[in-house]
Amino acid sequence: MKLISAVLFVSLPFASVTIAAPTPNIRIAAYNLENLFDANHDEGKQDWAFLPIAHPGKAAGCREGAPSHLRSCLETDWTPAHAALKVEQMKKALLSQGTLPDLLAVEEVENLSILREFATAVGFSNVILEEGEDERGIDVGLLFNTEKVEYLEHRAHRIQIPTNQTRDILAVYFRRKTAADARETLAVYVNHWPSQGNPPRDRVLAAEKLRDLIQTDRDRFGAGNLMVVALGDFNTVDADHPHPFSSVLLNASDANALLDLRTHFNTQFPIESRQLPIGTYFFPPKMAWQDLDHIFISKNLVDQKGADVELRAFRVHNAPEILGSVNYPNGPLSGSLVTGVPKPYNVRTLNPPDAGFSDHFSISIEIKN
């Protein structure tokens, strides 16, 4: 059994990797890593699918989970070699962007141990992760380097929903090293909201929690001093009603409403926006794109005063080497191929060309430094 500390902040030595020359701006990205698990059991967590077949208790543990996932859980032989390959594949996916972000928000990470391996492989010197109450044990984290920002502090906040336990919101506070005013604070809120298996109301509760956290921080740091970047996997679709974005985060009646950076980019740069993928996630059961991953910012990051977002630099990263395809299963388009979708991870192979990466694309922005 492996016990994980509740509060974790680790500095690591730099890994030796080759990437493109960095931008002088501060680049911030979010990436759902799709089940970045080690091959050890975390006590009290339903991580049985990501354990070796011979692990004691795996069969019984699999039967405690969702019946629809029983067969997959029982047949998945997730060994240390599989976990190591997953780290390498996600390293390839991240570095396919060309430039390592200065701050990287990550979702679907099991614990500090596996996140530390990923951080070292890719080239991040600092790792933050706090263990939440998600029943499978997946958490959110933040990786960062300190050439352009100074770390101040971090806090994790529980979201209370009626259906089940969900992931925390991780708030991490920085100061730009080029900031003229020492009171300026860059607040990064990492999110992984309840899935589409939950009712929309659960995501509204998550949105209300995020809104309230931001307001508390505005009161604490001063509204004009706090620059907000809230990002991650929000698991929200257009059909959600009530809708957590329009009713809470983007509510026009709220003077402190945030901006959805993709919507703002599409409005300002309509031609460039057509070059981006339709969404960040492709849902094969409905053969439909979904825009699950977002970056929300405070309005003072587009007011042309001090630090501002470099809006034209917004990206949904879909490098050719991380793309996959999906066949239409039936209907008039049966046999047709949808290309250019994220290539999800194949847990049953140790062959890198067959392994895939993640079922999400990563997204990024830049803040003028």
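1. Within the protein chain, contacts (heavy atoms within 4.5 Å) with a separation of 6 or more are 71% between residues 24 or more positions apart. The model is predicted: local features need pLDDT of at least 70, side-chain atom pairs count only at pLDDT 80 or more, and totals for chains, interfaces and linings use all residues. Residues are numbered from 1 along each chain as its sequence is written, and side-chain values use heavy atoms, with hydrogens and water left out.

2. The protein chain contains nine helices and 17 strands. These are DSSP runs numbered from the N terminus: helices are H or I of at least four residues, strands E of at least two.

3. For 369 residues, a compact globule would have a radius of gyration near 21 Å, and the protein chain agrees because its value is 20 Å. The radius is taken over C-alpha atoms, and the globule rule is 2.2 Å times the number of residues to the power 0.38. Along the principal axes, the C-alpha atoms fill a box of roughly 60 × 50 × 45 Å.

4. Of the 369 residues in the protein chain, 54% are buried, meaning under 20% relative accessible area (1.4 Å probe, protein chains only).

5. Helix α4 spans residues 112–122, and its buried residues include L112, I114, L115, F118, A119, A121 and V122. An α-helix has 3.6 residues a turn, so residues three or four places apart point the same way.

6. Both ends of α4 deserve attention. At its start, a side-chain oxygen of N111 lies within 3.2 Å of the backbone nitrogen of S113. After α4 comes G123, with a positive phi near 125 degrees.

Methods
Buried means under 20% relative accessible area, exposed over 50%, partly exposed in between (1.4 Å probe, protein chains only). A polar contact is a pair of N or O atoms within 3.5 Å; within protein, one must be able to donate a hydrogen and the other to accept it, and residues adjacent in sequence count only if both atoms are side-chain atoms.
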